[in-house]
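Subject: Handing over the two-chain model

Hi there,

Here is the structure I promised to pass on to you. Please open it alongside this email, so that you can follow the notes as you read.

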Amino acid sequence: MKARRALPLLLACALGACLRPSEERAHQDAEIGVAETAELRLEVEGGQAVVRALSADEISLWASAPRLRLQLGYAVPPPAELQLEVANCMPGAELTDLGAAEQADLGAAEPGVTVLSSERAAGGACRFQLALPGAARELRLELAPPDTARPSHFRFALLSDVQEAVSRVQDIFARLNREPDVDFLLGAGDLTERGTREQLERFQRELQSLRIPYYTTLGNHELGHHPTLFHDYFGRGSQSFEYRGVRFSLIDSASATVDPIVRGWLDDWLEQSAQQLHVVAMHIPPLDPIGVRNGAFASRSEAAALLARLAEGGVDLTLYGHIHSYYRFDNAGIPAFISGGGGAIPERFDQIGRHFLVVDADPEARQLSVRVVRVD
Amino acid sequence: VQPAGAAERVSPREAVPSEVVPSEAVPSEAVPGEAVPGELVPIEVVPEPRALSPWPELAALVPGVILHGSGTWLQGRTETSKRLLLAEGSGLLATFLSAAVLFRTGAARNLVGTTALVAVAGVSTFGLSLLSSLYATWAPREGWGEAQPRRALLESSLGYSYVADPQFAFHHFLTTRLDALLGAGPALHLALATAHAPDQGNQLYQLGSGLRLLEQRPSAARTPDGSYLEPRLGFGVHRFDSSGFVTRVLELELQARLDSERLLPDVRGAFFQLGAGWAEQWFAFDVPGVRALNASSLLLAHAGFGVYVRRCAELELYYDHRHDGFAGGLTANGLGSGVAGHFGLRGRARVSPSWGLEAEAQIGSAWVLGLAAVLSVGERATARLPGEAQP
């Protein structure tokens with residue numbers, strides 16, 4: 001069976017398909033957040049949530065961004081009630097019927113979605129019981145903490161490269177939970193050792209003790225089993241979202257390259273964030289500060305081209321994983337941090353150990369400051 | 001006493017392998033590789049095979065891929081088999097040791113350069129040993145050719161390269177190269193190479209100089225030997241104007257060619273092309289609002305197995321650890337993402353005393369295909385040619 005799969009792969013390589021090892025994942029990214037049944041079509045804007053379950057009266061999502069916008073289209077009259085469950089939800093997130101709000105602004109009050117009940121369940125899931133207006137065939141909902149659309153000071157953390165140290169990750173989460181005012185945890189990949197279904201599920205179970213949501217891209221270790229299994233659990237490998245006036249772009253560089261499709265998306269995100277603070281995170285850094293190691297992009301020309309594009313696009317901070325240590329440097333004039341302190345085989349003699357980063361973001365002052373928090 | 005140049009098939013029991021005898025009556029139309037009057041010529045000993053064809057040829061594959069030298073062992077070439085096994089073992093040992101160090105130290109910054117070089121050397125030794133084992137079993141006893149007995153004082157080439165890189169719009173390049181080998185023993189090697197994509201904002205300029213050491217001298221030569229050792233200093237500028245950056249590379253490398261007979265006495269007509277070194281690469285970014293400079297080191301390593309074809313051509317399959325240049329390194333899904341360099345196949349052939357062709361294909365994060373016409377000027381012999389008197 002393996003030989004039967006290997007032959008087409010070898011032929012594909014010979015024909016040049018190996019030049020784009022992450023193309024399949026880019027296509028998979030584009031499909032995240034869209035699901036359809038005979039009665040209902042759901043689209044999550046920007047693919048910022050994985051659709052775990054979908055039926056006419058029940059929707060279950062895994063959020064991969066702090067602010068979600070959902071578009072629901074019913075082919076038949078909608079059910080009277082809808083249960084919406086969003087795992088990895090921001091604390092304090094509220095549900096807004098955008099359509100009704102716009103109508104109200106125009107003075108044409110129409111009945112909107114009514115939240116019958118809401119709760120934040122253990123493990124960071126938000127549950128809403130909604131009463132739907134009978135006539136509506138299209139619903140536009142937003143799930144976000146209040147006031148997070150406006151620029152304001154906040155903190156986020158970065159953690160990557162947990163891999164085989166998942167059994168000790170609770171120490172890190174406990175330390176993170178003690179860190180004040182951190183709104184969410186960003187991941188720069190390699191959360192698992194081989195990216196198997198069991199390992200991805202295990203990591204999500206471990207996350208239940210974390211009091212803040214976790215948004216991540218994937219690393220090369222997630223590709224060991226199946227290249228797109230990660231997407232079923234954590235969503236897009238490459239995505240961009242805005243939070244409190246700061247743009248975050250997570251880029252899939254797990255194959256030591258960025259697919260041209262993702263480069264195209266990145267161009268759009270850079271354009272959208274021209275006047276904003278912009279944080280870009282990816283797993284494999286374009287350039288390794290220790291060049292002879294080359295824990296970096298396979299092509300240095302591609303690395304430099306990407307960095308030139310990020311610099312031209314006004315990116316303010318680049319965050320990487322992959323190298324199991326801590327490095328602070330600059331690339332193309334952009335401050336850069338490598339933080340692979342999740343516990344995977346550490347780089348020896350570096351005096352760092354397990355750690356994560358906490359970033360203070362002040363979008364009004366256009367300032368980002370980074371500090372290291374040691375766990376051990 | 002055997003007539004010079006005539007190898008006789010004898011059984012090992014009958015032969016004295018190291019025996020040399022004076023040659024006799026040499027035909028006046030003798031060619032390089034054959035004896036000259038008065039010279040001592042070793043008797044060629046062809047050992048008794050342990051199994052007849054096709055078993056050695058098949059054994060070179062299975063179990064030869066795992067047990068190098070299996071084919072030559074069935075051909076009765078015990079010494080060659082031992083050396084191939086030794087090379088394989090050394091390669092595996094170096095690979096596992098360096099992998100263990102990399103694993104245990106987490107590729108620590110102060111150790112990774114040396115360790116990575118040992119790892120590349122280990123994997124390359126294994127690969128070269130495998131290719132040698134296949135070649136030794138499959139190729140004719142005399143090989144398919146031998147090193148060119150002459151080398152040019154000056155070589156210039158003009159060619160075209162096609163680059164298929166999904167990250168860049170450029171594809172078509174006009175390439176030029178100028179190589180000069182000045183003086184003899186040791187010769188000064190000067191090299192200049194360029195690649196231009198005129199309308200696509202990309203130009204590459206490379207300068208190199210080296211000292212060609214341990215090269216064969218005509219006075220000592222009976223058969224051509226392409227072996228040499230060359231410490232080399234190089235500098236390159238690669239302009240990516242349309243992408244907003246320029247890279248500059250200063251490199252120091254030890255390059256070597258070793259003809260197969262030097263390591264495997266009964267394997268002829270092949271060579272090992274090797275290189276190891278270090279480079280510093282600078283990235284100068286110049287985009288609207290940003291001017292910045294970054295530097296990064298680069299591990300240089302090259303391991304190639306080549307064959308001579310007649311006396312006018314050669315073909316080399318190689319691995320090169322470079323991540324800069326057009327081919328970059330291999331992209332792949334999985335744990336080794338970004339670490340490996342690229343593979344290539346290079347060939348050159350003379351079509352007339354002055355003209356030749358060069359072709360090269362590389363696969364890394366891009367495909368590169370190149371073809372060039374070569375003009376050679378001012379040849380000098382590196383092996384004694386027919387009718388030439390001993391100096």
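Below are my notes on the interface, the sheets of chain A and a few backbone details.

Before anything else, please keep in mind that this is a predicted model.

**Where the chains meet**

How many residues of chain B are in contact with chain A? There are 51 of them, and they touch 56 residues of chain A. The size of an interface is often given as the accessible area lost when the parts come together. Here the area buried between chain B and chain A is about 4,000 Å², and carbon and sulfur atoms give 60% of that area.

If you look for salt bridges between chain B and chain A, the count is 1. The residues that form it are R109(B) and E347(A), with their closest N and O atoms 2.6 Å apart. Polar contacts also cross the interface of chain B and chain A: 26 residue pairs are found, both residues being at pLDDT 80 or more.

Which elements of chain B supply the side that touches chain A? At least two residues each come from α3 (78-105), α4 (112-138), β9 (270-287) and β10 (290-309) of chain B. The largest share is that of β10(B), with 7 residues. Sorted by class, this side of chain B has 27 nonpolar, 21 polar and 3 charged residues.

**A sheet of six strands in chain A**

Turning to chain A, you will find an open sheet of 6 strands with mixed pairing, in the order β14-β15-β16-β17-β19-β18.

**A sheet of five strands in chain A**

Chain A also has an open sheet of 5 strands, again with mixed pairing, in the order β13-β12-β11-β20-β21. Its edge strands are β13 (214-217) and β21 (367-374) of chain A, each of which pairs on one side only. On average, neighbouring strands of this sheet are turned by 25 degrees against each other, direction ignored.

The strands β11 (residues 154-159) and β12 of chain A pair in the parallel sense over 5 bridges. To locate them, look for F156(A), which stands opposite F184(A) in β12(A).

**Backbone details**

Where are the cis peptide bonds to look at in chain B? One joins S53(B) and P54(B), with omega about 15 degrees; P54(B) is in the loop between β2 (40-42) and α1 (55-59) of chain B. Another runs from V62(B) to P63(B), with omega near 10 degrees, and P63(B) lies in the loop between α1 and α2 (70-74) of chain B.

In chain A, have a look at D190(A), a residue other than glycine with a positive phi, near 60 degrees. You will find D190(A) in the loop between β12 (182-188) and α5 (197-206) of chain A.

Technical notes. Residues numbered from 1 in each chain as written. Chains lettered and ligands numbered in written order. Predicted model: local features only at pLDDT ≥ 70, side-chain atom pairs only at ≥ 80, totals over all residues. Heavy atoms only, no water. Contact = heavy atoms within 4.5 Å. Buried area = accessible area lost by both parts, 1.4 Å probe. Salt bridge = Lys/Arg side-chain N within 4 Å of Asp/Glu carboxyl O. Polar contact = N/O pair within 3.5 Å; in protein donor to acceptor, adjacent residues only side chain to side chain. Helix = DSSP H or I, 4+ residues; strand = E, 2+ residues; numbered from the N terminus. Nonpolar A, V, L, I, M, F, W, Y, C, P; charged D, E, K, R; others polar. Pairing = 2+ DSSP bridges. Axes fitted to C-alpha atoms, helices over the stretch in contact; angles between N-to-C directions.
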